[in-house]
Amino acid sequence: MLKRRLIPVLYLLNGWMVRSELFRTHQVLGQVVHHIERMMDWEVDELIVLNIGREERYEAGRTDVRYPGAFDFASLISQISGQCRIPLTFGGQIRTFGDVAMRIENGADKIALNTVLHEDPAMVTRAAHAYGSQAIVASIDYRLVDGQPVTFIEGGTKSVALSPVESARRAVELGAGEILLNAIDRDGVACGFDIARIAELVDSVDIPVIACGGAGRDIHFVRTFEATTVPAIAAGNIFHFTEDAYPRIKRLLRTRFGDFR
């Protein structure tokens with residue numbers, strides 16, 4: 001039986017680490033390598049890094065600080081993977097098989113695919129065949145439209161005529177080995193996870209699901225694990241603004257769930 005997991009998510013914009021809110025407001029938090037160091041000190045089990053920028057622009061490259069930063073995305077991935085001693089998932093700006101290969105070759109263990117799931121599904125299957133389904137994560141973003149969950153791509157700016165469940169089932173057919181479900185309406189607003197949609201998706205596919213979006217208090221993680229069979233929860237902002245957030249929440253979850261990693 002798979003043990004339940006708690007996964008930090010780091011959001012990158014133009015090379016900088018940022019706090020995200022509703023997919024449209026971003027606050028710069030500094031160079032990502034410093035945050036990677038903190039994650040290693042916290043002994044996190046795995047890490048998801050999502051490049052949410054829409055353009056090939058990197059501003060974090062500097063030569064006057066301890067870590068000079070990266071001047072292109074390949075070197076940024078290599079820099080991050082060099083700091084990590086844990087499984088690393090990379091997502092964002094992946095449109096071609098070459099984009100997948102570049103990230104794997106520079107140290108990513110898994111690749112999170114979003115827009116390309118709908119715009120070039122054959123490439124998703126090709127990547128799954130080349131690197132194995134365990135390396136392919138289907139990143140599904142959704143928001144409520146007239147009360148119904150609708151899948152969005154292109155950084156949450158373009159809808160597709162599929163529910164998250166329909167998108168997840170399609171991703172499984174393409175060869176994905178894991179689903180990352182992210183609620184756009186809850187991103188950065190700390191209102192708690194969308195338990196009903198998480199439970200529905202977990203019950204609809206036979207591959208692991210990672211729930212994301214809405215973490216604001218420690219109890220939000222407990223309630224979601226209690227109410228669903230989701231094997232993993234990911235979060236971003238909550239791990240950056242309170243002392244020892246990851247170790248504290250993980251200790252809490254271990255006291256509540258005997259099958260927690």
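Select strand E6 (residues 110–113) and strand E7: 3 bridges join them, and they run parallel. Two strands pair if DSSP finds at least two bridges between them. Helices (H or I, at least four residues) and strands (E, at least two) are DSSP runs, numbered from the N terminus.

Before moving on, know what you are viewing. This is a predicted model, where local features need pLDDT of at least 70 and side-chain atom pairs count only at pLDDT 80 or more, while totals for chains, interfaces and linings use all residues. Residues are numbered from 1 along each chain as its sequence is written, and side-chain values use heavy atoms, with hydrogens and water left out.

**Stop 1: around E7**

Click alanine 112. Its bridge partner in E7 is valine 137. Now select all of E7, residues 136–145. This strand is mostly covered, with 8 of its 10 residues buried. Buried means under 20% relative accessible area, exposed over 50%, and partly exposed in between (1.4 Å probe, protein chains only).

E7 and E10 pair in the parallel sense, over 6 bridges. Find tyrosine 142: alanine 183 in E10 stands opposite.

E8 runs antiparallel to E7, and 5 bridges join the two. Their hairpin has 2 residues between the strands, and aspartate 146 there takes a positive phi near 55 degrees.

**Stop 2: arginine 143**

Stay in E7 and select arginine 143. Which residue of E8 is its bridge partner? It is valine 150. Now show the neighbours in contact (heavy atoms within 4.5 Å). Not counting residues up to four places away in sequence, arginine 143 touches Gln148, Pro149, Val150, Phe152, Gly156, Ile184 and Asp185. Look at isoleucine 184. It lies 41 residues from arginine 143 along the chain, yet their C-alpha atoms are separated by 5.3 Å.

**Stop 3: the loop between E2 and E3**

Move to the loop between strand E2 (16–21) and strand E3 (25–31), where you find leucine 22. Its phi is near 55 degrees, a positive value in a residue other than glycine. Phenylalanine 23 sits in this loop too. Its phi is near 65 degrees, again positive in a residue other than glycine.

**Stop 4: helix H2**

Select helix H2 (residues 73–83). Its buried residues include Phe73, Leu76, Ile77 and Ile80. Gln79 and Ser81 are buried as well. What covers them? Among the covering elements are strand E1 (5–13), helix H1 (32–41) and strand E4 (47–51). Strand E5 (88–91) and helix H3 (97–105) are also included.

**Stop 5: helices H8 and H9**

Show helix H8 (residues 218–227) and helix H9 (residues 245–256). Their axes come within 10 Å and cross at roughly 35 degrees. Axes are lines fitted to C-alpha atoms, for helices over the stretch in contact, and angles run from 0 to 180 degrees between N-to-C directions. On the H8 side, select Asp218, Ile219, Phe221, Val222, Phe225 and Glu226. They meet Arg248, Ile249, Leu252, Leu253 and Arg256 in H9.

**Stop 6**

How many disulfides (pairs of cysteine sulfur atoms within 2.5 Å) does the structure hold? It holds 0. Cysteine 191 is in no disulfide, and the nearest cysteine sulfur, in cysteine 212, is 12 Å away. Cysteine 191 counts as partly exposed because its relative accessibility is 44%. Cysteine 212 counts as buried, at 7%.

Technical notes:
Disulfide = S-S within 2.5 Å.
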